[in-house]
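Subject: Structure handover

Hello,

Please find the structure below, with notes on what turned up in it. Please read the notes with the structure open.

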Amino acid sequence: MLKMVVCIKQVPMVSELPWDPATGTLQRDLAEGMMNPACRSALDAALRIKETEGGEITAITMGPPMAEEVLREAIALGADRGVLLTDRKMAGADTSVTSHTLARAIEKACPGFDLVLCGFSTSDSETAQVGPQLAEELDIPGVAYVDEIEVSEGAVRMRRISDHFLETLEMDLPGIVTVTAGLYAPRHVPLGGLQAAFAAANIVSLDAAAVGLDPEWIGAKGSATKIRNVYSPTAGKKNIVLTGAPKRIVEQLFERFDDKIGGAIGKDLKTDKNSK
Amino acid sequence: MIAKKRGIWVFGDYRNYFQNRVTLQLLSRAKDLATKIDAEVCAVVFGHQVDEWVGEYIAHGAEKIYLTDHPQLAVYSMETYTLLMERLARQEKPEIILVGATAFGREFAPRVAKRLGTGLTADCIGLDIDKEGLLLQMAPSFGGNLVAEIVTPERRPQMATVRPGTFQEIPHDYIRTGEVVKVPLPEHLPVDRVRLVRLERCPQREQKLEDARVVVCGGRGLGSKKKFAKLFELAELLGGEVGATRPVVYADWAEHEALVGQAGKPIRPQILFSFGISGAIQHTAACNDAKFIIAVNKNPNAAMMKRADVAIMADASQICNALIQELKRRIR
């Protein structure tokens, strides 16, 4: 039986976040969590493979205890079980440490896996590094940014567009694939699945000790990169602020910048003031 | 004997050389960094019959080229290139490795960093050297509202990827000379476990958005797909192109082709109209070359409003409609 692992991440629903008017930044602590869109595509790819080839899907996530929500969502969509990696000591991990933690957990919770699927990138940190680094950690063949995937007889065939080339690639299993967002349409959670996910969900929770991780090589402590400073990039530009009724604003805009706008579009935008 | 200089390496990503100048842009930045830590700028090139690119890299500022030229390397191969870079870096111990964030580079760099047990910062929008001589890696953070300065204090090399268009290349100068160090292909090179079945070149698409003199860009603040669609009418009046932010593309108000940002296209219009866009760094980094920005947003503190030359505090959709009316009146 084909054993598939889908790595998913809960990300803040940034688009819904309120602004902090004092600082002009997003109030992240008010974030609602959601499943990262590309991770949904990865799960969808796994579900499609399961439909045609059969198999079993384990969804795995690393995060705070509330990340269990995305595992329940994955189970509602058709995953068979969930693994929650949660431990305060895992917090603040860079991508290298994250991939180390995930790899050891996958080996622990899903020995003998055939195919690992990940989203190519997450919407909160957008590094796209964890997938390729997982391939290194697990020492299995891997391909990133895959648009189409087909599994048959112990091998995977993939297509992707990479730097203006359309590549068709193949590898034997076990292997790992990161999929792009968007090519698989998101599914709606079926009502029955939702009941199942909350009634008798098969979710196990693991901490660093249960996975057998070296405390020196997890979380912020094990990370090679350190954040030195954080700043807002928009300080100090002087600009013109227009406000009021839309019609009046637009008139002001053309009164002051008709030359500039007209110059850019190659048209005369001046009006004869008396012809109104 | 003179002590060996520290190296700042740039991965020579020559595939699509004419469309993608990121290697040259990184060589230029590496040259600036090298003066601050007294290092030499090196390009690392793997391939077959690549003398042309070696010459280009020297003309654009590389002082030394590490070159592995072999028929087996004629096509880009992830596992092989990763192995070659790992071996070379273990041997030569560069201080810094910079990789262009092409599709290949974005997969290659994390693998190399993993093997070397070092850190890697993705999509840096700036690179500098701090007081202690560490590479300051400036990267978008917290959903793109802030810039984080990241360092790799202990492990080496310090590694970063950079999107094309972030830095300016220096003009080529064929009088420049450089040393070419030939690195032989290791014996018993393992076969790449990923097999290339077919490789087809995609047709070159037109770069309409990238080259447009006027760009009308819309974000979630426009409110709906229907209101976003009015941008096309405005763009047509202005003879410009329509761009979009990531949330808008995700919401299917616009095609992925219209995405302006680090993951999409960089733009450099004479005038950029920005409607209902908060201004995440992943988006604004691609607008750095816009000459004049007119931003519309209800929130005066939105990053895009602060960057704009003219900030209009109002409903984006209403201003879009008013602009259409006014332009129709003025264009005769």
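This is a predicted model: local features need pLDDT of at least 70, side-chain atom pairs count only at pLDDT 80 or more; totals for chains, interfaces and linings use all residues.

Residues are numbered from 1 along each chain as its sequence is written, chains are lettered from A and ligands numbered from 1 in the order in which they are written.

The sheet

Chain B holds an open sheet of 7 strands in the order β5-β9-β4-β1-β2-β3-β10, with parallel pairing. Strands (E, at least two residues) and helices (H or I, at least four residues) are DSSP runs numbered from the N terminus, and two strands pair if DSSP finds at least two bridges between them. The edges are β5 (120–124) and β10 (179–182) of chain B; each has a single partner strand, so one side of each is left without a neighbour in the sheet. From one strand to the next the twist averages 25°; such angles run from 0 to 180 degrees between N-to-C directions, with axes fitted as lines to C-alpha atoms, for helices over the stretch in contact. Within the sheet, β4 (residues 96–100) and β9 (residues 158–162) of chain B pair in the parallel sense over 5 bridges. One of the residues involved is G100(B), whose bridge partner in β9(B) is V162(B).

Helices on the sheet

Helix α3 (residues 78–92) of chain B lies across β1 (6–11), β2 (39–47), β3 (64–69) and β4 of chain B, at about 150° to β2(B). Its buried residues are M78(B), T80(B), Y81(B), T82(B), L84(B), M85(B), L88(B) and A89(B). Buried here means 20 or more other C-beta atoms within 10 Å of the residue's own, against 12 or fewer for exposed and partly exposed in between, with C-beta atoms placed from the backbone. The cover over the buried residues of α3(B) includes β2, β3, β4 and α4 of chain B. Just after α3(B), K93(B) has a positive phi of about 50°.

Helix α4 (residues 103–116) of chain B lies across β1, β4, β5 and β9 of chain B, running at about 170° to β9(B). α3(B) and α4(B) pack at about 45° with their axes 9 Å apart. That makes α3(B) oblique to α4(B); angles under 35 degrees count as roughly parallel, over 145 as roughly antiparallel, 65 to 115 as roughly perpendicular and the rest as oblique.

A residue in α4(B)

A109(B) lies in helix α4 of chain B and counts as buried, with 27 C-beta neighbours inside 10 Å. Leaving aside neighbours within four places in sequence, A109(B) is in contact with V99(B), L120(B), M159(B) and T161(B), where contact means C-beta atoms, placed from the backbone, within 7 Å. A109(B) and M159(B) are 50 residues apart in sequence but 8.0 Å apart in space, C-alpha to C-alpha.

Between the chains

The buried residues of helix α10 (residues 316–330) of chain B pack against α8 (246–265) of chain A, together with α6 (225–238), β14 (271–275), β15 (292–297) and β16 (310–313) of chain B. α8(A) and α10(B) pack at an angle of about 50°, their axes 9 Å apart, and are therefore oblique to each other. Residues P246(A), K247(A), I249(A), V250(A), E251(A) and F254(A) of α8(A) meet Q318(B), I319(B), A322(B), L323(B), E326(B) and R330(B) of α10(B).

Regards

Technical notes: Two residues are in contact if their C-beta atoms, placed from the backbone, lie within 7 Å. The expected span of a helix is 1.5 Å times one less than its number of residues.
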